[in-house]
Amino acid sequence: MARLSVTAVLAFVLLGMPSVVPSDARAPGRHVLIVAAYEYTFIAPDSVTSGIVTIRLVNRGKEEHQVTFARLDDSSSLPRVMRSLVADVDHVAGFKWAGGVERALPGDSSETTVLLEPGRYVIVCAYSAEDGHAHVSKGMIRELVVSAGASATKLALPAAPVTIKLTDYRITISGALRSGQQMVRVENHGKNFHQLTLSRFVGNGTMEELDKWDGKSKPTPIEGVGGGAAAMGAGQVSLISIALRPGRYVLDCGLRDTAGAKPHFMLGMEREIKVK
């Protein structure tokens, strides 16, 4: 995957401005979209060109954040969809989830590469704050236009050493993940939308303890890992960049098919792996 030039990175850090940067002049249709996350807002460009887009989420806040892309249907009203997302992030019509960066840790950045078709989008962070309200309801929602460029239907994300397949409701992995920085291909083979979240067990934490954990009490059995694939619709693919340390990890999907339904990890989309 192509990298931002030193000049582009310095410009972003010094000026605090989001940007869209061609990722490689030899690779038509490839761009890098930089999104900055704060409590509770995004700073991002108003548009990006369609094709292969590497999304870099820079977390300048004190909480974990994500950026998920939702492509609006042609007949959808942007204000209505945005109001619905803010009011009820689990049950909204009028758009399809299109991937993104599942998690960036405070003070860090994470990347995911996706194929974006032209259209109207919103970007959101659906994580919950300590008061129980979703970040999207606090202002982490923003319109984005994907203008016509390279046709995403004629492009494909490259292969990676390891492919993780998401189905209804199972996670399969083609090989072992290793310690260090690596690229992983994530494919949604299910009929429903799915995400891939990575977490590392703390100490001697077990899957049994994790399954009984209420998500709030301490000590926590797991700690978040930057990266992952945000919500993807059926048939979609993401290429994620992750950095892992040796240890035990859990891969899961916490989405629900409908409001009030069981999260997917309770239906089988939860898997422990070991990284050497």
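I started with two side chains, and E208 and K212 are both exposed (exposed is over 50% relative accessible area, buried under 20%, partly exposed in between, with a 1.4 Å probe and protein chains only). This is a predicted model, so I kept in mind that local features need pLDDT of at least 70 and side-chain atom pairs pLDDT 80 or more, while totals for chains, interfaces and linings use all residues. Numbering runs from 1 along each chain as its sequence is written, and side-chain values use heavy atoms, with hydrogens and water left out.

**Salt bridges**

I looked up E208 and K212 again: they form a salt bridge, closest N and O atoms 3.3 Å apart (a side-chain nitrogen of Lys or Arg within 4 Å of a carboxyl oxygen of Asp or Glu). Both sit in helix α3 (residues 207-212), four residues apart, about one turn of the helix (helices are DSSP runs of H or I, at least four residues, and strands runs of E, at least two, numbered from the N terminus).

Next I checked R248 and E272, a salt bridge at 3.0 Å between the closest N and O atoms. This one links distant parts of the chain, from strand β18 (residues 247-252) to strand β19 (residues 270-275), 24 residues apart. R248 is partly exposed at 24% relative accessibility, and E272 is partly exposed at 33%. I also noted that shared partners join R200, E223 and R245 into one network of salt bridges.

Over the whole structure, I got nine salt bridges.

**Nonpolar core**

Which residues touch the most other members of the largest nonpolar core? I found L177 and L196, in a core of 37 residues (buried Ala, Val, Leu, Ile, Met, Phe, Trp, Tyr and Cys joined through side-chain atoms within 4.5 Å). Another core, of 23 residues, lies apart from it and includes I55 and V146.
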